[in-house]
Amino acid sequence: MILVFAETWNGQFKKSTFEAVQYASACAKAQGTQALAVVIGPASAPVESLGAHGADKVLHLHGPEQFETAQYAALLAGVAQELNSSLIVVSGTANGRALMGALSVRAEASAISNVTALPLSYSPLRVVRGAFSSKGIETCESRLPRSVIGLIPNAIGLKDYSDSDAAFEDRSTSETARATVLEQQLASGSIALPEADRVVSAGRGMKSPENWGMIEELAKTLGAATACSKPVSDIGWRPHREHVGQTGIQVNPQLYIAIGISGAIQHLAGVSSSKTIVVINSDPEAPFFKAADYGIVGDAFDVVPRLTAAIKKYLN
Amino acid sequence: MFKDRKNTASDLKFAYRLGYKPPRNYLSMKILVCISHVPDTTAKIQFTADASALDASGVQFVINPYDEFGLTRALQLNEQLGGTVTAVTVGDASVEPTLRKALAIGAHDAVRVDALALDPIQVARELSAVALAGAYDLIICGQESIDYNGGIVPAALAEILGWPVVSPCIGFDPAGGRAKASREIDGGKEILDLALPAVLGAKKGLVEESELRIPNMRGIMSARTKPLIVTAPHGANPGSAAVSFTKPAGKSAVQMIDAQDLDTLVQKLHEEAKVI
(Lines give C-alpha, C1' and ligand atoms only; values in the text may rest on other atoms or scores of the structure.)
Protein backbone atom coordinates (compact mmCIF):
# COMPACT_ATOMS: atom_id res chain seq x y z
CA MET A 1 0.00 0.00 0.00
CA ILE A 2 1.44 3.34 -1.08
CA LEU A 3 0.44 6.20 1.21
CA VAL A 4 0.02 9.78 0.13
CA PHE A 5 -0.55 12.72 2.44
CA ALA A 6 -3.51 14.62 1.01
CA GLU A 7 -2.82 18.07 2.38
CA THR A 8 -5.69 20.47 2.92
CA TRP A 9 -5.50 24.24 3.05
CA ASN A 10 -8.49 25.92 4.63
CA GLY A 11 -10.39 22.69 4.12
CA GLN A 12 -9.66 22.54 0.37
CA PHE A 13 -7.21 20.34 -1.50
CA LYS A 14 -4.28 22.12 -3.11
CA LYS A 15 -3.17 21.50 -6.68
CA SER A 16 0.00 20.00 -5.25
CA THR A 17 -2.16 17.55 -3.26
CA PHE A 18 -3.68 16.18 -6.48
CA GLU A 19 -0.20 16.06 -8.03
CA ALA A 20 1.01 13.93 -5.09
CA VAL A 21 -2.03 11.66 -5.34
CA GLN A 22 -1.42 11.11 -9.07
CA TYR A 23 2.23 10.31 -8.30
CA ALA A 24 1.28 7.80 -5.60
CA SER A 25 -1.29 6.25 -7.91
CA ALA A 26 1.31 5.79 -10.66
CA CYS A 27 3.72 4.19 -8.15
CA ALA A 28 0.96 1.90 -6.89
CA LYS A 29 0.10 0.75 -10.40
CA ALA A 30 3.77 0.08 -11.15
CA GLN A 31 4.01 -2.01 -7.98
CA GLY A 32 0.72 -3.84 -8.40
CA THR A 33 -0.59 -2.39 -5.16
CA GLN A 34 -3.03 0.32 -4.08
CA ALA A 35 -2.73 4.01 -3.22
CA LEU A 36 -4.22 5.24 0.06
CA ALA A 37 -4.76 8.99 0.47
CA VAL A 38 -4.70 10.16 4.08
CA VAL A 39 -6.62 13.34 4.90
CA ILE A 40 -6.10 14.84 8.35
CA GLY A 41 -8.28 17.38 10.06
CA PRO A 42 -11.26 19.36 8.78
CA ALA A 43 -11.96 18.95 5.08
CA SER A 44 -14.88 20.69 3.47
CA ALA A 45 -13.60 19.66 0.05
CA PRO A 46 -15.15 16.52 -1.40
CA VAL A 47 -12.82 13.63 -0.67
CA GLU A 48 -14.21 11.92 -3.79
CA SER A 49 -11.95 14.21 -5.82
CA LEU A 50 -8.99 12.24 -4.49
CA GLY A 51 -10.44 9.10 -6.04
CA ALA A 52 -10.72 10.92 -9.36
CA HIS A 53 -6.97 11.54 -9.27
CA GLY A 54 -6.15 7.91 -8.66
CA ALA A 55 -6.51 7.18 -4.94
CA ASP A 56 -7.87 3.66 -4.42
CA LYS A 57 -8.75 4.36 -0.80
CA VAL A 58 -9.17 7.49 1.27
CA LEU A 59 -8.68 7.53 5.04
CA HIS A 60 -9.97 10.65 6.79
CA LEU A 61 -8.46 11.13 10.25
CA HIS A 62 -10.47 13.49 12.43
CA GLY A 63 -9.17 15.23 15.54
CA PRO A 64 -6.59 17.93 14.80
CA GLU A 65 -7.94 21.37 13.89
CA GLN A 66 -4.69 22.80 12.47
CA PHE A 67 -1.50 21.43 10.99
CA GLU A 68 1.06 20.65 13.67
CA THR A 69 4.22 18.78 12.71
CA ALA A 70 4.57 16.22 15.51
CA GLN A 71 0.88 15.38 15.63
CA TYR A 72 0.51 14.83 11.88
CA ALA A 73 3.76 12.83 11.77
CA ALA A 74 2.52 10.53 14.54
CA LEU A 75 -0.80 9.96 12.78
CA LEU A 76 0.74 9.21 9.38
CA ALA A 77 3.47 7.01 10.86
CA GLY A 78 0.79 5.04 12.67
CA VAL A 79 -1.03 4.34 9.40
CA ALA A 80 2.23 3.44 7.62
CA GLN A 81 3.14 0.95 10.33
CA GLU A 82 -0.37 -0.48 10.49
CA LEU A 83 -0.38 -1.13 6.73
CA ASN A 84 3.34 -1.91 6.45
CA SER A 85 3.69 0.67 3.63
CA SER A 86 7.01 0.85 1.86
CA LEU A 87 6.41 4.27 0.33
CA ILE A 88 4.82 7.50 1.57
CA VAL A 89 4.40 10.44 -0.84
CA VAL A 90 4.28 14.03 0.40
CA SER A 91 4.24 17.23 -1.65
CA GLY A 92 7.06 19.61 -0.70
CA THR A 93 4.89 22.48 0.48
CA ALA A 94 5.91 24.31 3.68
CA ASN A 95 3.85 21.91 5.79
CA GLY A 96 4.88 18.95 3.67
CA ARG A 97 8.59 19.53 4.23
CA ALA A 98 8.25 19.89 7.99
CA LEU A 99 6.08 16.79 8.03
CA MET A 100 8.63 14.77 6.00
CA GLY A 101 11.38 15.24 8.57
CA ALA A 102 9.27 14.23 11.54
CA LEU A 103 7.46 11.45 9.67
CA SER A 104 10.68 9.81 8.42
CA VAL A 105 12.00 9.57 11.97
CA ARG A 106 8.70 8.40 13.43
CA ALA A 107 8.08 5.80 10.70
CA GLU A 108 11.76 4.68 10.56
CA ALA A 109 11.95 5.60 6.88
CA SER A 110 14.47 7.30 4.63
CA ALA A 111 13.67 10.88 3.63
CA ILE A 112 14.22 11.85 -0.02
CA SER A 113 13.15 15.39 -0.87
CA ASN A 114 12.82 17.50 -4.03
CA VAL A 115 11.95 14.53 -6.22
CA THR A 116 11.13 15.51 -9.80
CA ALA A 117 9.98 12.31 -11.50
CA LEU A 118 8.52 8.86 -10.93
CA PRO A 119 10.96 6.32 -9.44
CA LEU A 120 13.54 4.78 -11.76
CA SER A 121 13.25 1.55 -9.76
CA TYR A 122 11.45 0.35 -6.65
CA SER A 123 13.76 -2.35 -5.25
CA PRO A 124 15.96 -0.61 -4.42
CA LEU A 125 14.02 2.63 -4.60
CA ARG A 126 15.87 5.02 -6.92
CA VAL A 127 14.61 8.49 -7.73
CA VAL A 128 15.80 11.61 -9.49
CA ARG A 129 15.85 14.78 -7.41
CA GLY A 130 17.02 18.37 -7.65
CA ALA A 131 20.28 19.30 -5.89
CA PHE A 132 22.34 22.45 -5.29
CA SER A 133 19.31 24.71 -5.66
CA SER A 134 18.38 23.12 -9.01
CA LYS A 135 21.87 23.65 -10.43
CA GLY A 136 22.28 19.86 -10.38
CA ILE A 137 20.29 16.64 -10.70
CA GLU A 138 20.94 13.74 -8.35
CA THR A 139 19.98 10.07 -8.66
CA CYS A 140 19.35 8.94 -5.11
CA GLU A 141 18.82 5.46 -3.69
CA SER A 142 16.98 4.53 -0.50
CA ARG A 143 18.75 2.11 1.83
CA LEU A 144 15.74 1.36 4.04
CA PRO A 145 12.65 -0.77 3.39
CA ARG A 146 10.41 2.28 3.92
CA SER A 147 10.87 5.67 2.24
CA VAL A 148 9.22 9.05 2.36
CA ILE A 149 9.38 10.84 -1.00
CA GLY A 150 8.93 14.62 -1.09
CA LEU A 151 7.92 16.09 -4.45
CA ILE A 152 8.82 19.55 -5.76
CA PRO A 153 5.36 21.13 -6.25
CA ASN A 154 4.63 21.62 -9.97
CA ALA A 155 7.64 19.59 -11.11
CA ILE A 156 5.65 16.53 -12.14
CA GLY A 157 2.58 18.40 -13.35
CA LEU A 158 -1.07 17.54 -13.10
CA LYS A 159 -2.55 15.32 -15.80
CA ASP A 160 -6.20 15.14 -16.73
CA TYR A 161 -7.57 12.34 -14.69
CA SER A 162 -10.85 10.71 -13.94
CA ASP A 163 -10.33 7.45 -12.20
CA SER A 164 -13.02 5.53 -10.40
CA ASP A 165 -14.28 6.15 -6.90
CA ALA A 166 -12.18 5.39 -3.87
CA ALA A 167 -13.19 3.29 -0.89
CA PHE A 168 -13.62 5.56 2.07
CA GLU A 169 -12.99 5.34 5.81
CA ASP A 170 -13.41 7.87 8.64
CA ARG A 171 -11.50 7.59 11.87
CA SER A 172 -11.26 9.73 14.98
CA THR A 173 -7.86 10.14 16.58
CA SER A 174 -6.24 11.60 19.65
CA GLU A 175 -2.58 12.35 19.10
CA THR A 176 -1.27 15.36 21.00
CA ALA A 177 0.30 18.41 19.41
CA ARG A 178 3.55 19.83 20.76
CA ALA A 179 2.76 23.44 19.83
CA THR A 180 -0.49 25.40 19.68
CA VAL A 181 -1.48 27.67 16.81
CA LEU A 182 -2.74 30.90 18.38
CA GLU A 183 -3.65 32.69 15.16
CA GLN A 184 -3.01 32.79 11.45
CA GLN A 185 -2.43 35.96 9.47
CA LEU A 186 -2.98 35.49 5.76
CA ALA A 187 -2.52 38.04 3.01
CA SER A 188 -5.79 37.86 1.14
CA GLY A 189 -6.07 36.73 -2.44
CA SER A 190 -2.46 35.85 -3.05
CA ILE A 191 -1.35 32.80 -5.01
CA ALA A 192 1.27 30.74 -3.18
CA LEU A 193 4.52 31.21 -5.11
CA PRO A 194 6.02 27.72 -4.79
CA GLU A 195 2.98 26.25 -6.51
CA ALA A 196 2.14 29.05 -8.95
CA ASP A 197 1.81 28.14 -12.61
CA ARG A 198 2.59 31.68 -13.73
CA VAL A 199 4.79 34.25 -12.04
CA VAL A 200 5.43 37.92 -12.82
CA SER A 201 8.58 39.08 -11.08
CA ALA A 202 10.29 42.46 -10.88
CA GLY A 203 13.51 43.88 -9.50
CA ARG A 204 15.50 47.04 -9.00
CA GLY A 205 14.78 48.18 -12.54
CA MET A 206 11.40 49.29 -11.19
CA LYS A 207 13.22 52.12 -9.39
CA SER A 208 10.64 52.54 -6.61
CA PRO A 209 7.98 50.53 -4.77
CA GLU A 210 5.30 52.93 -6.03
CA ASN A 211 5.80 51.60 -9.56
CA TRP A 212 4.57 48.10 -8.81
CA GLY A 213 1.03 48.81 -9.98
CA MET A 214 1.80 47.76 -13.55
CA ILE A 215 3.42 44.53 -12.29
CA GLU A 216 0.33 43.64 -10.29
CA GLU A 217 -1.86 44.52 -13.29
CA LEU A 218 0.11 42.19 -15.58
CA ALA A 219 -0.05 39.46 -12.94
CA LYS A 220 -3.79 39.88 -12.53
CA THR A 221 -4.30 39.69 -16.31
CA LEU A 222 -2.36 36.42 -16.45
CA GLY A 223 -3.73 34.97 -13.21
CA ALA A 224 -0.14 34.96 -12.01
CA ALA A 225 1.56 35.27 -8.63
CA THR A 226 3.85 38.26 -8.07
CA ALA A 227 7.49 37.84 -7.07
CA CYS A 228 10.62 39.91 -6.67
CA SER A 229 14.40 39.74 -6.57
CA LYS A 230 16.43 39.65 -3.35
CA PRO A 231 17.64 43.30 -3.31
CA VAL A 232 14.08 44.53 -3.61
CA SER A 233 12.92 42.30 -0.75
CA ASP A 234 15.91 43.24 1.44
CA ILE A 235 15.16 46.98 1.18
CA GLY A 236 11.52 46.35 1.97
CA TRP A 237 9.90 47.33 -1.34
CA ARG A 238 8.16 43.94 -1.45
CA PRO A 239 7.38 41.38 1.28
CA HIS A 240 9.92 38.64 2.08
CA ARG A 241 7.57 35.95 0.85
CA GLU A 242 7.88 37.29 -2.72
CA HIS A 243 11.67 36.90 -2.77
CA VAL A 244 12.59 34.33 -5.43
CA GLY A 245 16.14 33.02 -5.53
CA GLN A 246 18.63 30.68 -3.99
CA THR A 247 17.92 31.90 -0.45
CA GLY A 248 14.29 32.65 -1.19
CA ILE A 249 11.53 30.71 -2.88
CA GLN A 250 12.31 28.30 -5.69
CA VAL A 251 9.53 28.56 -8.23
CA ASN A 252 8.47 25.98 -10.78
CA PRO A 253 5.97 27.73 -13.03
CA GLN A 254 5.03 27.18 -16.65
CA LEU A 255 5.73 30.89 -17.26
CA TYR A 256 8.14 33.24 -15.47
CA ILE A 257 8.26 36.87 -16.60
CA ALA A 258 11.21 38.82 -15.17
CA ILE A 259 11.08 42.61 -15.39
CA GLY A 260 14.01 44.83 -14.50
CA ILE A 261 16.00 41.93 -13.00
CA SER A 262 19.59 41.52 -14.16
CA GLY A 263 19.77 37.75 -13.57
CA ALA A 264 22.48 37.08 -10.99
CA ILE A 265 23.33 33.40 -10.36
CA GLN A 266 21.50 33.44 -7.03
CA HIS A 267 18.29 34.61 -8.68
CA LEU A 268 18.62 32.10 -11.52
CA ALA A 269 18.96 29.30 -8.97
CA GLY A 270 15.43 30.07 -7.84
CA VAL A 271 13.87 30.20 -11.30
CA SER A 272 15.85 27.96 -13.63
CA SER A 273 13.34 25.13 -13.50
CA SER A 274 10.63 27.41 -14.96
CA LYS A 275 9.35 25.96 -18.26
CA THR A 276 9.35 29.30 -20.13
CA ILE A 277 11.23 32.43 -19.08
CA VAL A 278 10.53 35.88 -20.56
CA VAL A 279 13.02 38.64 -19.71
CA ILE A 280 12.28 42.36 -20.09
CA ASN A 281 15.26 44.59 -19.37
CA SER A 282 16.60 47.90 -20.67
CA ASP A 283 20.18 46.54 -20.57
CA PRO A 284 20.97 44.30 -23.56
CA GLU A 285 23.96 42.91 -21.63
CA ALA A 286 21.84 41.70 -18.70
CA PRO A 287 22.96 38.12 -17.88
CA PHE A 288 19.33 37.03 -17.57
CA PHE A 289 18.94 37.05 -21.37
CA LYS A 290 21.29 34.05 -21.58
CA ALA A 291 18.90 32.05 -19.38
CA ALA A 292 15.71 33.21 -21.12
CA ASP A 293 13.50 31.69 -23.77
CA TYR A 294 12.23 35.08 -24.96
CA GLY A 295 13.84 38.45 -24.38
CA ILE A 296 12.78 42.05 -24.92
CA VAL A 297 15.24 44.92 -24.64
CA GLY A 298 13.27 47.99 -23.68
CA ASP A 299 12.08 50.34 -20.98
CA ALA A 300 9.89 48.34 -18.58
CA PHE A 301 7.59 51.35 -18.02
CA ASP A 302 6.87 51.34 -21.76
CA VAL A 303 6.86 47.60 -22.47
CA VAL A 304 4.92 46.19 -19.49
CA PRO A 305 1.68 48.18 -19.91
CA ARG A 306 1.68 47.43 -23.65
CA LEU A 307 2.32 43.74 -22.97
CA THR A 308 -0.59 43.69 -20.53
CA ALA A 309 -2.79 45.28 -23.19
CA ALA A 310 -1.63 42.78 -25.85
CA ILE A 311 -2.39 39.84 -23.55
CA LYS A 312 -5.82 41.26 -22.65
CA LYS A 313 -6.54 41.66 -26.38
CA TYR A 314 -5.51 38.04 -27.00
CA LEU A 315 -7.55 36.67 -24.10
CA ASN A 316 -10.72 38.37 -25.47
CA MET B 1 33.34 14.22 28.79
CA PHE B 2 32.57 12.98 25.31
CA LYS B 3 34.11 9.59 26.00
CA ASP B 4 31.08 8.72 28.12
CA ARG B 5 28.64 10.32 25.75
CA LYS B 6 27.24 7.13 24.26
CA ASN B 7 25.73 5.95 27.55
CA THR B 8 24.67 9.39 28.65
CA ALA B 9 22.87 10.09 25.39
CA SER B 10 20.79 6.91 25.36
CA ASP B 11 20.02 7.24 29.10
CA LEU B 12 18.84 10.80 28.61
CA LYS B 13 16.87 9.87 25.47
CA PHE B 14 15.09 7.13 27.42
CA ALA B 15 14.39 9.56 30.22
CA TYR B 16 12.99 12.14 27.78
CA ARG B 17 10.64 9.52 26.35
CA LEU B 18 9.29 8.99 29.87
CA GLY B 19 8.56 12.71 30.11
CA TYR B 20 11.60 13.79 32.09
CA LYS B 21 12.36 17.50 31.82
CA PRO B 22 15.71 18.49 33.33
CA PRO B 23 15.50 21.49 35.63
CA ARG B 24 16.39 24.56 33.63
CA ASN B 25 17.15 28.09 34.58
CA TYR B 26 15.38 29.96 31.80
CA LEU B 27 16.86 33.25 32.91
CA SER B 28 19.78 32.26 30.72
CA MET B 29 19.71 30.06 27.64
CA LYS B 30 22.03 27.38 26.43
CA ILE B 31 21.62 27.58 22.65
CA LEU B 32 22.92 25.15 20.02
CA VAL B 33 23.22 26.56 16.51
CA CYS B 34 23.53 23.97 13.74
CA ILE B 35 25.77 25.09 10.90
CA SER B 36 25.97 23.57 7.40
CA HIS B 37 29.12 23.89 5.29
CA VAL B 38 27.83 24.60 1.76
CA PRO B 39 29.01 25.97 -1.59
CA ASP B 40 28.70 29.75 -1.87
CA THR B 41 25.56 30.96 -3.68
CA THR B 42 27.58 32.19 -6.67
CA ALA B 43 29.41 28.86 -7.08
CA LYS B 44 29.28 27.23 -10.49
CA ILE B 45 28.33 23.66 -9.70
CA GLN B 46 30.35 20.93 -11.45
CA PHE B 47 30.57 17.22 -10.70
CA THR B 48 33.51 14.83 -10.63
CA ALA B 49 34.41 12.88 -13.77
CA ASP B 50 32.75 9.74 -12.42
CA ALA B 51 29.62 11.81 -11.61
CA SER B 52 29.63 10.58 -8.03
CA ALA B 53 30.04 13.86 -6.15
CA LEU B 54 30.38 17.61 -6.26
CA ASP B 55 33.71 18.73 -7.70
CA ALA B 56 34.83 20.87 -4.78
CA SER B 57 37.94 22.26 -6.49
CA GLY B 58 37.67 26.01 -6.85
CA VAL B 59 34.43 26.11 -4.86
CA GLN B 60 34.23 28.61 -2.02
CA PHE B 61 32.42 27.10 0.98
CA VAL B 62 30.45 29.24 3.42
CA ILE B 63 28.04 29.06 6.34
CA ASN B 64 24.63 28.11 4.92
CA PRO B 65 22.87 31.50 4.50
CA TYR B 66 19.78 30.35 6.42
CA ASP B 67 21.96 29.34 9.39
CA GLU B 68 23.27 32.90 9.64
CA PHE B 69 19.82 34.17 10.59
CA GLY B 70 19.71 31.54 13.34
CA LEU B 71 23.19 32.39 14.61
CA THR B 72 22.37 36.11 14.81
CA ARG B 73 19.12 35.46 16.69
CA ALA B 74 21.00 33.19 19.11
CA LEU B 75 23.55 35.94 19.78
CA GLN B 76 20.76 38.50 20.30
CA LEU B 77 19.10 36.20 22.86
CA ASN B 78 22.47 35.59 24.50
CA GLU B 79 23.04 39.33 24.93
CA GLN B 80 19.55 39.71 26.35
CA LEU B 81 19.44 36.69 28.65
CA GLY B 82 22.95 35.37 29.19
CA GLY B 83 24.04 31.77 28.74
CA THR B 84 26.05 30.33 25.88
CA VAL B 85 25.88 29.83 22.12
CA THR B 86 27.50 26.68 20.74
CA ALA B 87 27.93 26.03 17.01
CA VAL B 88 27.86 22.45 15.71
CA THR B 89 28.56 20.94 12.30
CA VAL B 90 28.61 17.38 10.99
CA GLY B 91 31.61 16.99 8.68
CA ASP B 92 35.25 16.07 8.23
CA ALA B 93 38.17 18.40 8.97
CA SER B 94 37.51 20.40 5.79
CA VAL B 95 34.45 22.00 7.42
CA GLU B 96 36.43 23.53 10.29
CA PRO B 97 37.07 26.90 8.59
CA THR B 98 33.31 27.35 8.30
CA LEU B 99 32.83 26.43 11.96
CA ARG B 100 35.56 28.95 12.90
CA LYS B 101 33.57 31.62 11.01
CA ALA B 102 30.65 30.93 13.36
CA LEU B 103 33.03 31.43 16.28
CA ALA B 104 34.29 34.65 14.69
CA ILE B 105 30.71 35.90 14.39
CA GLY B 106 30.26 35.34 18.12
CA ALA B 107 29.53 31.73 19.10
CA HIS B 108 31.34 30.83 22.35
CA ASP B 109 32.45 27.34 21.38
CA ALA B 110 32.01 24.80 18.62
CA VAL B 111 31.61 21.07 18.13
CA ARG B 112 32.49 19.15 14.99
CA VAL B 113 30.97 15.67 14.70
CA ASP B 114 33.59 13.75 12.76
CA ALA B 115 31.39 12.15 10.09
CA LEU B 116 30.42 13.01 6.53
CA ALA B 117 26.95 14.53 6.21
CA LEU B 118 25.38 11.94 3.91
CA ASP B 119 21.66 12.01 4.53
CA PRO B 120 19.36 14.36 6.46
CA ILE B 121 18.14 11.79 9.02
CA GLN B 122 21.71 10.64 9.66
CA VAL B 123 22.71 14.27 10.26
CA ALA B 124 19.72 14.79 12.57
CA ARG B 125 20.69 11.72 14.61
CA GLU B 126 24.28 12.92 15.00
CA LEU B 127 23.06 16.38 16.03
CA SER B 128 20.63 14.86 18.54
CA ALA B 129 23.52 13.12 20.34
CA VAL B 130 25.29 16.48 20.70
CA ALA B 131 22.04 18.10 21.85
CA LEU B 132 21.41 15.51 24.54
CA ALA B 133 24.98 15.60 25.80
CA GLY B 134 24.82 19.38 26.29
CA ALA B 135 21.30 19.84 27.78
CA TYR B 136 20.42 22.77 25.49
CA ASP B 137 17.32 24.96 25.91
CA LEU B 138 17.04 25.83 22.24
CA ILE B 139 18.38 24.48 18.96
CA ILE B 140 18.38 26.70 15.89
CA CYS B 141 19.05 25.25 12.43
CA GLY B 142 18.63 26.91 9.07
CA GLN B 143 15.23 25.96 7.65
CA GLU B 144 17.06 24.23 4.77
CA SER B 145 20.58 24.10 3.40
CA ILE B 146 21.31 25.40 -0.07
CA ASP B 147 23.04 22.21 -1.17
CA TYR B 148 20.06 19.88 -0.95
CA ASN B 149 17.18 22.25 -0.08
CA GLY B 150 15.46 19.46 1.83
CA GLY B 151 14.25 21.31 4.92
CA ILE B 152 14.24 17.92 6.66
CA VAL B 153 16.77 18.29 9.50
CA PRO B 154 14.89 20.69 11.85
CA ALA B 155 11.72 18.57 12.10
CA ALA B 156 13.67 15.28 12.11
CA LEU B 157 15.91 16.52 14.94
CA ALA B 158 12.88 17.69 16.92
CA GLU B 159 11.16 14.33 16.46
CA ILE B 160 14.20 12.38 17.65
CA LEU B 161 14.35 14.59 20.76
CA GLY B 162 10.59 14.71 21.28
CA TRP B 163 10.61 18.53 21.14
CA PRO B 164 8.31 20.97 19.30
CA VAL B 165 9.63 22.39 16.02
CA VAL B 166 8.92 25.68 14.24
CA SER B 167 10.11 25.65 10.64
CA PRO B 168 10.29 27.95 8.72
CA CYS B 169 10.65 30.26 11.73
CA ILE B 170 10.37 34.02 11.13
CA GLY B 171 10.01 35.18 14.71
CA PHE B 172 10.95 33.82 18.13
CA ASP B 173 10.47 35.31 21.60
CA PRO B 174 11.09 33.21 24.70
CA ALA B 175 9.61 34.04 28.11
CA GLY B 176 10.30 31.74 31.05
CA GLY B 177 10.09 28.16 29.90
CA ARG B 178 7.82 28.94 26.95
CA ALA B 179 7.99 30.88 23.71
CA LYS B 180 5.90 32.59 21.06
CA ALA B 181 7.12 31.83 17.55
CA SER B 182 6.06 32.93 14.08
CA ARG B 183 5.99 30.31 11.36
CA GLU B 184 5.79 31.21 7.69
CA ILE B 185 2.95 29.51 5.86
CA ASP B 186 1.55 29.87 2.34
CA GLY B 187 0.50 33.49 1.89
CA GLY B 188 1.17 34.57 5.44
CA LYS B 189 2.21 33.43 8.89
CA GLU B 190 0.91 31.72 12.01
CA ILE B 191 1.72 32.48 15.65
CA LEU B 192 2.51 29.47 17.81
CA ASP B 193 2.76 28.97 21.55
CA LEU B 194 5.16 26.26 22.67
CA ALA B 195 7.16 24.99 25.60
CA LEU B 196 10.95 24.96 25.61
CA PRO B 197 13.19 23.22 24.74
CA ALA B 198 12.42 23.52 21.04
CA VAL B 199 13.98 23.36 17.58
CA LEU B 200 13.71 26.24 15.08
CA GLY B 201 14.35 26.29 11.33
CA ALA B 202 15.57 29.84 10.67
CA LYS B 203 15.07 32.02 7.65
CA LYS B 204 15.06 35.73 6.79
CA GLY B 205 12.49 37.36 9.04
CA LEU B 206 13.77 35.68 12.20
CA VAL B 207 16.15 38.60 12.02
CA GLU B 208 16.37 41.14 9.20
CA GLU B 209 19.12 40.98 6.59
CA SER B 210 20.48 44.28 7.95
CA GLU B 211 20.84 42.78 11.47
CA LEU B 212 23.04 39.88 10.41
CA ARG B 213 26.24 39.75 12.47
CA ILE B 214 29.51 39.65 10.60
CA PRO B 215 32.94 38.85 12.02
CA ASN B 216 34.92 41.86 13.20
CA MET B 217 38.69 41.88 13.82
CA ARG B 218 38.30 40.95 17.49
CA GLY B 219 35.93 38.13 16.54
CA ILE B 220 38.36 36.71 13.99
CA MET B 221 41.23 36.81 16.48
CA SER B 222 39.24 35.20 19.27
CA ALA B 223 37.91 32.50 16.93
CA ARG B 224 41.41 31.01 16.78
CA THR B 225 41.44 30.25 20.50
CA LYS B 226 37.79 29.53 21.25
CA PRO B 227 37.20 25.81 21.90
CA LEU B 228 36.45 23.66 18.83
CA ILE B 229 35.87 20.11 20.07
CA VAL B 230 35.94 17.20 17.68
CA THR B 231 33.65 14.39 18.76
CA ALA B 232 33.32 10.85 17.44
CA PRO B 233 30.05 10.19 15.63
CA HIS B 234 27.29 8.02 17.01
CA GLY B 235 27.57 6.10 13.76
CA ALA B 236 24.03 6.57 12.47
CA ASN B 237 23.69 4.79 9.11
CA PRO B 238 22.42 6.97 6.26
CA GLY B 239 19.00 5.88 4.99
CA SER B 240 19.71 7.15 1.48
CA ALA B 241 22.76 7.55 -0.74
CA ALA B 242 23.65 9.57 -3.81
CA VAL B 243 24.22 7.34 -6.83
CA SER B 244 25.19 9.92 -9.45
CA PHE B 245 24.92 13.57 -10.40
CA THR B 246 24.37 15.39 -13.67
CA LYS B 247 23.77 18.96 -14.69
CA PRO B 248 20.38 20.01 -16.01
CA ALA B 249 20.05 20.51 -19.78
CA GLY B 250 20.72 24.12 -20.70
CA LYS B 251 18.20 26.25 -22.54
CA SER B 252 18.50 26.77 -26.26
CA ALA B 253 19.33 30.28 -27.46
CA VAL B 254 17.04 33.11 -26.44
CA GLN B 255 14.59 34.48 -29.00
CA MET B 256 14.78 38.26 -28.88
CA ILE B 257 11.47 40.00 -29.60
CA ASP B 258 11.24 43.60 -30.79
CA ALA B 259 9.77 45.83 -28.07
CA GLN B 260 7.37 47.28 -30.64
CA ASP B 261 6.08 43.85 -31.65
CA LEU B 262 4.57 42.42 -28.46
CA ASP B 263 1.79 40.67 -30.38
CA THR B 264 4.47 38.30 -31.69
CA LEU B 265 5.50 37.46 -28.13
CA VAL B 266 1.90 36.77 -27.12
CA GLN B 267 1.47 34.56 -30.19
CA LYS B 268 4.67 32.60 -29.43
CA LEU B 269 3.70 32.19 -25.78
CA HIS B 270 0.49 30.63 -27.01
CA GLU B 271 1.65 28.57 -29.98
CA GLU B 272 5.29 27.71 -29.23
CA ALA B 273 5.59 27.72 -25.46
CA LYS B 274 1.93 26.87 -24.91
CA VAL B 275 1.84 28.74 -21.61
CA ILE B 276 -1.16 30.97 -22.31
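In what order do the 10 strands of the open sheet run? The order is 13(A)-9(B)-8(B)-7(B)-10(B)-6(B)-1(B)-4(B)-5(B)-11(B), and the pairing is mixed. Strands and helices are DSSP runs numbered from the N terminus (strands: E, at least two residues; helices: H or I, at least four). Two strands pair if DSSP finds at least two bridges between them. The edge strands are strand 13 (179–186) of chain A and strand 11 (228–231) of chain B, each of which pairs on one side only. From one strand to the next, the twist averages 25°. Axes for such angles are lines fitted to C-alpha atoms, for helices over the stretch in contact, and angles run from 0 to 180 degrees between N-to-C directions.

The model is predicted; local features need pLDDT of at least 70, side-chain atom pairs count only at pLDDT 80 or more, and totals for chains, interfaces and linings use all residues. Residues are numbered from 1 along each chain as its sequence is written, while chains are lettered from A and ligands numbered from 1 in the order in which they are written.

Strand 13 of chain A joins strand 9 (residues 188–195) of chain B through seven bridges. These two strands run antiparallel. Thr180(A) has Asp193(B) as its bridge partner. A parallel pairing also links the chains: two bridges join strand 18 (residues 294–297) of chain A to strand 13 (residues 255–256) of chain B. Here Tyr294(A) stands opposite Gln255(B).

Contacts between the chains involve 74 residues of chain A and 66 residues of chain B. A contact requires C-beta atoms, placed from the backbone, to lie within 7 Å. Helix 4 (residues 94–106) of chain A gives the most to its chain's side, with nine residues. That side has 34 nonpolar, 25 polar and 15 charged residues. Ala, Val, Leu, Ile, Met, Phe, Trp, Tyr, Cys and Pro count as nonpolar, Asp, Glu, Lys and Arg as charged, and the others, Gly among them, as polar.

Chain A has eight helices and 18 strands. Buried residues make up 59% of chain A. A residue is buried if 20 or more other C-beta atoms, placed from the backbone, lie within 10 Å of its own.

In chain B, helix 4 (residues 120–134) is mostly covered, with 13 of its 15 residues buried. Ala135(B) follows this helix, with a positive phi near 50°.

Methods
A residue is buried if 20 or more other C-beta atoms lie within 10 Å of its own, exposed if 12 or fewer, and partly exposed in between; C-beta atoms are placed from the backbone. Two residues are in contact if their C-beta atoms, placed from the backbone, lie within 7 Å.
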